[in-house]
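Please read it alongside the coordinates.

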Amino acid sequence: LDKDELSGRGTVRNAEGEERSCHVLRPTTMGNGFVSHRTVQLIDQLRAKGVLFIYVTASRAAVLQERLKVLAKADCAAGECGARIYFGDELDLQWTKGFEEISGALDTSVPAEQ
């Protein structure tokens with residue numbers, strides 16, 4: 001793995017030595033995330049053919065919003081294990097409010113108390 005976090009670009013290699021150029025996603029508690037430029041191209045091609053594409057992650061809303069800036073465009077994104085759902089850039093507030101007791105208020109990055 002070679003990465004340049006300043007430029008947001010990196011290269012990953014598999015066990016056979018094949019390389020892929022990637023976007024380096026900002027680190028979280030689990031470390032950096034990576035998405036290959038080829039993956040972004042393929043998602044764009046699918047969407048151009050009318051295929052709906054959705055991201056689903058356990059990431060907090062702030063991390064998801066940051067990562068969506070460099071990921072391929074999606075029709076929908078679900079974060080915080082489904083407690084936050086975005087259609088395009090719009091957060092579904094009605095859906096989100098139903099999970100505040102579990103996931104915490106929108107204006108905080110800290111989950112609700114256990």
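In this predicted model, four strands form an open sheet in the order β1-β2-β3-β4, and their pairing is antiparallel. The edges are taken by β1 (2-4) and β4 (31-36), each of which has a single partner strand, so one side of each is left without a neighbour in the sheet. Direction ignored, neighbouring strands of this sheet are turned by 35° against each other on average.

**Pairing within the sheet**

- Strands of a sheet pair through backbone hydrogen bonds, and this pairing may be parallel or antiparallel.
- Strand β2, which covers residues 9-13, pairs with strand β3, residues 19-28, in the antiparallel sense, and five bridges join the two.
- Arg13 has Glu19 of β3 standing opposite.

**Helices lying across the strands**

- Helix α1 (residues 37-48) lies across β2, β3 and β4, and its direction makes an angle of about 55° with β4.
- Helix α2 (residues 61-68) lies across β3 and β4, running at about 150° to β3.
- The twelve residues of α1 reach 17 Å from the first C-alpha to the last, which is close to the 16 Å expected at 1.5 Å a residue.
- Just after α1 comes Gly50, which takes a positive phi of about 95°.

**The buried face of α1**

- Which residues of α1 are buried? They are His37, Val40 and Ile43.
- Seen down the axis of α1, these buried residues fall within an arc of 120°, so they line one face of the helix.
- An α-helix has 3.6 residues a turn, so residues three or four places apart point the same way.
- The partners against which the buried residues of α1 pack are β2, β3, β4 and β5 (54-56).

**The nonpolar core and Tyr86**

- The largest nonpolar core has 13 residues, of which Val35, Tyr55, Leu71, Ala72 and Tyr86 touch the most other members.
- At least two residues of this core are supplied by α1, and at least two by α2.
- Leaving aside residues up to four places away in sequence, Tyr86 touches Ala61, Leu64, Gln65, Asp75, Cys76, Ala77 and Leu91.

**The loop between β6 and β7**

- Glu80 is found in the loop between β6 (76-79) and β7 (84-87), and has a positive phi of about 50° although it is not a glycine.
- Is Glu80 buried or exposed? With a relative accessible area of 9%, Glu80 is buried, because the cut-off for a buried residue is under 20%.
- Cys81 is also found in the loop between β6 and β7, and its phi, near 60°, is a positive value in a residue other than glycine.
- Cys81 counts as exposed at 68% relative accessibility, because the cut-off for an exposed residue is over 50%.

**Thr96 in helix α3**

- Thr96 has its place in helix α3, which covers residues 93-97.
- The relative accessible area of Thr96 is 1%, so Thr96 is buried.
- Which residues does Thr96 touch, not counting those up to four places away in sequence? The contacts of Thr96 counted in this way are Ala83, Arg84, Ile85, Leu91 and Leu106.

Technical notes:
Residues numbered from 1 in each chain as written. Predicted model: local features only at pLDDT ≥ 70, side-chain atom pairs only at ≥ 80, totals over all residues. Heavy atoms only, no water. Pairing = 2+ DSSP bridges. Axes fitted to C-alpha atoms, helices over the stretch in contact; angles between N-to-C directions. Contact = heavy atoms within 4.5 Å. Expected span 1.5 Å × (residues − 1). Buried < 20%, exposed > 50% of the residue type's maximum accessible area, 1.4 Å probe, protein only. Arc of directions from axis to C-beta. Core = buried A, V, L, I, M, F, W, Y, C linked by side-chain atoms within 4.5 Å.
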